[in-house]
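This report describes one protein model for a reader who has not seen it before. Please look over the sequence and the structure first.

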Amino acid sequence: MAKVKVGEYREVPEGDMKKFTPKGIPIAVYKLSGQVYATSNICTYDGCFLDENHRMHGYMVECTLHNEQWDIRTGEVVNQPATEKLKAYKAEVVDDDIYVDMI
Ligand code: FES
């Protein structure tokens, strides 16, 4: 898989995220300061959907069930209990559409 169009830029609220399921893969697309970022939408600690249980702290997304936090730019864990990073995808905007590199 390569670059996939997941939705339109205006669909994602500034400072927050929206879920998309390109090719059936659940991803979360974030918009911060006009830039877009993408990660898996599945919490690595207990498997819940982040779009249903999250709070944003700038570039950190928190799963509100057990307070796990990751950096949305890299997927790295910034607050445990879990130690497994979120899969991060390269995202970009082209002509008001959001593309995510699904490799
Ligand atoms: S299910 Fe996400 S931190 Fe527990």
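Leaving aside its neighbours within four places in sequence, which residues is Ala 91 in contact with? Ala 91 is in contact with Val 29, Val 36, Tyr 37, Ala 38, Ile 98, Tyr 99 and Val 100. Two residues are in contact if their C-beta atoms, placed from the backbone, lie within 7 Å.

## Basis of the model

The model is predicted: local features need pLDDT of at least 70, side-chain atom pairs count only at pLDDT 80 or more, and totals for chains, interfaces and linings use all residues. Residue numbers start from 1 along each chain, following its sequence as written.

## Overall make-up

The protein has 10 strands and 0 helices. Both kinds of element are DSSP runs numbered from the N terminus, with strands (E) of at least two residues and helices (H or I) of at least four. From the N terminus on, the order is β-β-β-β-β-β-β-β-β-β.

The C-alpha trace spans about 40 × 30 × 20 Å along its principal axes. A compact globule of 103 residues would have a radius of gyration near 13 Å, and the protein agrees with this, having 13 Å. That radius is taken over C-alpha atoms, and the globule rule is 2.2 Å times the number of residues to the power 0.38. Of the contacts with a separation of 6 or more, 38% are between residues 24 or more positions apart.

Buried residues make up 27% of the 103 residues. A residue is buried if 20 or more other C-beta atoms lie within 10 Å of its own, exposed if 12 or fewer, and partly exposed in between, with C-beta atoms placed from the backbone. In soluble globular proteins, nonpolar side chains tend to be buried together.

The largest nonpolar core has 23 residues, and those touching the most other members are Ile 27, Val 29, Val 36, Ala 38, Ala 91 and Val 100. At least two residues of this core come from each of β2, β3, β4 (35-40), β6 (60-63), β9 (88-94) and β10 (97-101). β3 supplies the largest share, 4 residues. A nonpolar core is a set of buried Ala, Val, Leu, Ile, Met, Phe, Trp, Tyr and Cys residues joined through C-beta atoms within 7 Å.

## Strand pairing

β2 (residues 16-20) and β3 (residues 27-32) pair in the antiparallel sense over 5 bridges. Two strands pair if DSSP finds at least two bridges between them. Met 17 has Tyr 30 in β3 as its bridge partner. The hairpin of these strands has 6 residues between them, and Lys 23 in this hairpin takes a positive phi near 55°.

An open sheet of 4 strands runs in the order β5-β6-β7-β8, with antiparallel pairing. β5 (54-57) and β8 (77-79) are the edge strands, each with a single partner, so one side of each has no neighbour in the sheet. The twist from one strand to the next averages 30°, where axes are lines fitted to C-alpha atoms, for helices over the stretch in contact, and angles run from 0 to 180 degrees between N-to-C directions. β5 and β6 are joined by 4 bridges in the antiparallel sense, and Arg 55 stands opposite Glu 62 in β6.

## Two loop residues with positive phi

Most residues other than glycine have a negative phi. Ser 33 is not a glycine, yet has a positive phi of about 50°. Ser 33 lies in the loop between β3 and β4 and counts as exposed because it has 8 C-beta neighbours inside 10 Å.

Asp 96, in the loop between β9 and β10, has a positive phi of about 70° and is not a glycine. With 9 C-beta neighbours inside 10 Å, Asp 96 counts as exposed.
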